[in-house]
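Colleague: I would like to learn how to read a few features of a structure. Please take them one at a time.

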Amino acid sequence: MAIPSHVLRELRDALGPERVLTRPEELIVYSYDGTWAEGQPDVVVNPTTTEQVAAVLRIANRERIPVVPRGAGTGLAGASVPQGGIVLNLARMNRIREISPEDMVAVVEPGVVNQTLQDELRPYGLIYPPDPASLYMSTIGGNVATNAGGPRCLKYGVTKDYVLGLEVVLPGGDVLRTGGRQIKNVTGYNLTQLFVGSEGTLGVITEITLRLLPAPAARATAMAAYARLEDAAHTVNAILSAGILPLTTELMDQACIQAVERKLQIGLPVEAEALMLIAVDGEPEAVEPQIHRVADICRRMGADPVEVATTPEEEEKLWLARRSVSPALALIKPNRLTEDIAVPRSKIPEMIRRIQAIAREYDVLIPTFGHIGDGNVHPDIMCDRRDPDEMRRVALAAQAVFEATVELGGTLSGEHGIGLLKKEFLPGALGPLAIEKMLGIKKVFDPHGIMNPGKVFPEA
Amino acid sequence: MTSLLQQIIPGQQVTGPEFPDYDVLQGCIRCGRCLPVCPTYQETTLETMSPRGRLALLRAVEDGKLDLTSSIADYLYHCLDCRACNTVCPPGVPIGELILDGRAAYAVKAGRPWWARIALDRFLTSARAMEPVMRMARLYQRLGLPRVVRPVLRALKGRHPAFHTLFHMEGLLPRLPSQPLHARLAEVTPAQGERRYRVGFFLGCMMSQVLADVSQATVRVLTRNGCEVVTPPGQVCCGAPHDDQGNKRMARDLARRNIDLFARYQDLDVIVADCAACAGMIKEYPHLLRDDPVYYPRALAMARRMRDVSEWLAEVLDDAVPLAEVRCTVTYHEPCHLANAQGVREPPVRVLRRIPGLELRPLPDSTRCCGSAGIYNLTHPEMADRLLEDKVRKIAGTGADTVVTGNPGCLLQIQMGVREHGIPVRVRHLTQLLDEAYARAESSRAR
Ligand SMILES: Cc1cc2nc3c(=O)[nH]c(=O)nc-3n(C[C@H](O)[C@H](O)[C@H](O)COP(=O)(O)OP(=O)(O)OC[C@H]3O[C@@H](n4cnc5c(N)ncnc54)[C@H](O)[C@@H]3O)c2cc1C
Ligand code: SF4
Ligand code: SF4
C-alpha cells in the first residue's frame, strides 16, 4: 500500500521534512528486528515529542494507515516488524526527563536505552532492576511494551513491577496519562499494566515513570555442575526453602555447555547434564556467608564441582560461560529460532527432557538455557534457512515445543512476547474466551485497528 | 503453523566484483548490540547510520532487493571505519571490513571521484610521492600565508562544504618539518648500548612528511631500549587510505610491495610502526589478500611480525635506562585503529605508568572516535566536527594538561580541536612523552 502524497505532505508538515523517510534504502533498514522476520514499511517517521507522535496518530487514524511503534528493533518475536504502513521510530525520543532520589522514581522518554538509564542512576546509588540481556541496546519503551525480564527477576521481578505511570498517545491523537509516581494506587482500573506487554497494539508509550531501588552493595556467584538435570532443579527449591532468595539462577543444558567449551576451551565440564549459576546480592557481610551456604546446598544436591566467586573479577570468569552461550551457538548454524517458554518451576526438568526428545524426533539441534528460578527457558532451535527440509522439521519441532509447554501448564512467552512468530499458537494457549475479551479491549483503544495490526492475535 | 517459521531464504541473488562475502554477511543475527557503540548512530539514531543498518543495506543489495546506488554508498562512506562495532558483535562479524568491501564494490561499479584518483592514487602512494605537494605546503607556511588564509576560510566554511573541507585541511596542518624523515633516516640506526633486538621500522607517510619529530622520537626511544632500528628504503604507503576509499586494487598492490620489501629482512625480531592506522592495516593484509594464494601466506607472516610501538615498548622497556620525572597530568585518547582494530588497549597505559611523576586521568569514552578517521574529517567535516567537539569537551573535563595518543590522524585532529576551542592542553604521541623523560634524565646526568 502506498501512502497518498497528501498524507506524506501532512506528515512532513507536522514533523519537519527530515523526519519523514521514504527512500527504499531508508525503509529497508526498518524492515527487521532481532529475529529473521522481515516486512517493508511505506514510511518511517522519527518524532521527538509527544505532540509529534499525536500528530502522526491523528493522521494515521483518519487515513486508516497501520502504525508500528519501534524502539531499538531488538525484539525476539517479530513484533516491531512492519507489514506496510508507518514505522514510528521512537529511538530519538531518548531524554531522561527526571531522576528523583526523594520519590525514588525516574521519568523517561521511551527511546532511552536501558543501560543509559542504569549509568545515569549510578551516582545516585540507585538501580532500575529489570536488566534484559539486551540492556545495552533495547529501549525502555520496548522493554515496557514487551514486559521484558532479566536475570535478576527471580528476586526483583520483571518490567511490570517497576512501571508506575505512563503517558500514552492513542489512535486519534488523544494523550492518556495512567498511574502516577506512587507504589500504591487503586484508583480505578489499572490501565498502566494494560499497556505493559501490549506489544504496541493499543497505543504509543511516550513517557514512563519507573520505580527505582537502592543499589545493593555486594554480589557473589556460585557455579555448579550437575550430572543429572533434575538435581539442578531440586537445588533451586532447596535454596529457597533454606530462606535464601537468590538474585538469579541461570541454567545451561549439555548442548550449551559443549558449544561454549568448543568456542572458549576454558575447561567446562562437558559431561555434565547441566551447569547452573546462582548469584546473591545484598550487604557484603551477608553475601559472603550466603553464597557459601548456597554452594553447600548445591553439593548436597549432587553438584560437582562447585565454584564460588566473591570478587568482580572472579565473578566475571564464571559468568563468561553463560554470556558466551549465544555467540557459541552462532558458530554451530547460521540461523536459529529462539523460543521463550515458561513453565511452573517444578516442571522445568520434565520440560527440558521433552525438548531433548523433540530434538531427537525431528532431528534438529535444540540447546536450551534459561532462567530456571522463574521457570523461563529458551530452547534455541538451530537451523539453516536455506535448507527447506530442515526448516520444515524446525517448524514441526517448534509446534511440538509449544504443545508440550501448554500441556505442562506453561505459557508461550515468558518475556519476548508473541508478535508475529508465535501468534498462530495463541488460541491453543489462551482459548476463545480470553482472546475475545482481549480483542474487545483492543477495540476500545484502537477502534480502527491501526496499532500494529497482524501482531499477537492470529485473526487481527 | 506459521508460514514465517518455514520461510526459506533463497540465498545470494546478485554478485559482482569486490562484493562482500554473502555468507559472512549472513553472520549478522540483527541483535542490535552494535548500535549503542557506533558514533554515527549515536549522533543520528538512524538505523541507516548504524553498523547493523549498513550490513542490512549490503545484504539487500545481494538479495536483489536494492541496487547498489550512490545513496547506499553514501551511508557506507558515512562510516568512520572506527571498528567500535567489531569489538562488541557477539557472533564476531567483521563489520568494518564488510563495509569497506561494500565501498570497493561500489567503486568498481560507479568509479571513484576525481579528487580521490588524483590525491590518493597519484600522490598518497608513498612518502616520496607526496613530496611535490608537501613542497608547496612548506612554501605556503614559510610565506606566512596561514595567518591570512585561516580567518578567510573560517568566515566561509558555513557557505559551502568545500570551504569547510579546506578549513579543516588548513587547520589540521601543523608546522611542517623542513625535510621529511624518510630522506634523513639511515637504513640502520644502531642501538644505544648493547643490542638486544633488531626491529624493522614501518615509517608511515604522514609520520615522515608531517610528524617527522614524532617518529624521530620513536626511533630514539627504541634505540635507547636496545633496539637496532632498520628502516628499509623504498617503503610505500600501507594502503589504508586506498582501502578506505574503495580502491582495493591499489591497496593490494601497495600491500604486496611492502610485503616483498620486508620479506628481504628475515632477521628482524618484529616490525613496529608508530602510526596505529599503518600497523592496523598491515595486520589486516591477510584479509585484504585472502583470495591471493601466493601472497596470503606472506601477508600472514608479515602481519604476525607487526607490532604497534606501544605493544613492543610494553614488552621491552628496559628498567635500567633511567626515566626522569615528568610532572604532568595525562589523559589517554585511544586511537580506533589501535584499541578497536588491533585490540591493543592495555600496553600504552602500561607504558605511561612507567613514567615517574606522571598522573594518569581516565578519559571517559576513551575509545570513541575523535572524528579524524583517515580522511573522514575532510570528506565529512560536519560529522567530524561533532565528534571532535565531544572529544575535546571530555578531554577538558579531565583537567589533564597533556593528552596522549598514538596515531597521526588523532594527533592532528585533537591538536586542531584544542586550538579551536581554546583548551590549554598539550597533544603528544606516547613516544614523544617517553622521549622527553629519557632526554631529561640524560641531560641531568650530563650536568
Ligand atoms: C541478544 C538479545 C538478548 C535479549 N535478551 C532479552 C532478555 O534477557 N529478556 C527479555 O525480556 N528480552 C530480551 N531480548 C528481547 C528484546 O531485547 C526485548 O524484547 C526488548 O524489550 C525490546 O526492546 P526494543 O527497544 O528493541 O523494542 P522493539 O523490538 O523495537 O519493539 C518491541 C515491541 O515493543 C513495541 N514498542 C516499542 N516501543 C514502543 C513504544 N514506545 N510504545 C508502544 N510500543 C512500543 C513494538 O511495537 C514491538 O511490539 C533480547 C534480544 C536480543 C537481541
Ligand atoms: S566502524 Fe564505527 S562508524 Fe562504522 S559502523 Fe562500525 S561503529 Fe559505526
Ligand atoms: S552486533 Fe553483530 S550480529 Fe548484532 S546486529 Fe550488529 S553486526 Fe549484527
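Modeller: Start with burial: a residue is buried under 20% relative accessible area, exposed over 50% and partly exposed in between, using a 1.4 Å probe and protein chains only. Helices (H or I, at least four residues) and strands (E, at least two) are DSSP runs, numbered from the N terminus. This is a predicted model, in which local features need pLDDT of at least 70 and side-chain atom pairs count only at pLDDT 80 or more, while totals for chains, interfaces and linings use all residues. Residues are numbered from 1 along each chain as its sequence is written, chains are lettered from A and ligands numbered from 1 in the order in which they are written, and side-chain values use heavy atoms, with hydrogens and water left out.

Colleague: Which way do the residues of strand β6 of chain B point, and are they buried or exposed?

Modeller: In β6 (residues 329-332) of chain B, B:Thr329 and B:Thr331 point one way, and B:Val330 and B:Tyr332 point the other way. All of these residues are buried.

Colleague: Which strands pair with β6(B)?

Modeller: Two strands pair if DSSP finds at least two bridges between them. Strand β7 (residues 359-361) of chain B pairs with β6(B) in the parallel sense, over three bridges. In that pairing, B:Leu360 of β7(B) stands opposite B:Val330. Strand β8 (residues 402-405) of chain B is also parallel to β6(B), with three bridges. There, B:Thr331 has B:Val403 as its bridge partner.

Colleague: Next, salt bridges. How many are there over all chains?

Modeller: A salt bridge is a side-chain nitrogen of Lys or Arg within 4 Å of a carboxyl oxygen of Asp or Glu. By this rule, the count over all chains is 72. One of them joins A:Glu390 and A:Lys333, at 2.9 Å from N to O. This pair links distant parts of the chain, 57 residues apart: A:Glu390 is in helix α14 (residues 388-407) of chain A, and A:Lys333 is in the loop between α12 (325-330) and β16 (335-338).

Colleague: Why does A:Glu390 count as buried?

Modeller: A:Glu390 counts as buried because its relative accessibility is 6%. A:Lys333, at 27%, is partly exposed.

Colleague: What other salt bridge links distant parts of chain A?

Modeller: A:Arg336 and A:Asp380 meet in a salt bridge of 3.0 Å, N to O. A:Arg336 is in strand β16 and A:Asp380 in strand β19 (residues 376-383) of chain A, 44 residues apart. A:Arg336 is buried at 16% relative accessible area, and A:Asp380 is buried at 0%.

Colleague: Where do A:Arg392 and A:Asp389 lie?

Modeller: Both are in helix α14 of chain A, three residues apart, which is about one turn of the helix. A:Arg392 is partly exposed at 40%, as is A:Asp389 at 39%.

Colleague: Which residues of chain B are linked in a network of salt bridges?

Modeller: The network holds B:Glu43, B:Asp365, B:Arg368, B:Arg386, B:Asp390, B:Arg393 and B:Lys394.

Colleague: Last, how many residues surround ligand 3?

Modeller: A residue is near a molecule or strand if one of its heavy atoms lies within 4 Å of it. Around ligand 3 there are 13 residues, and the closest are B:Cys28, B:Cys31, B:Gly32, B:Cys34 and B:Cys89. For sorting them, Ala, Val, Leu, Ile, Met, Phe, Trp, Tyr, Cys and Pro count as nonpolar, Asp, Glu, Lys and Arg as charged, and the others, Gly among them, as polar. The shell has nine nonpolar residues, one polar and three charged.
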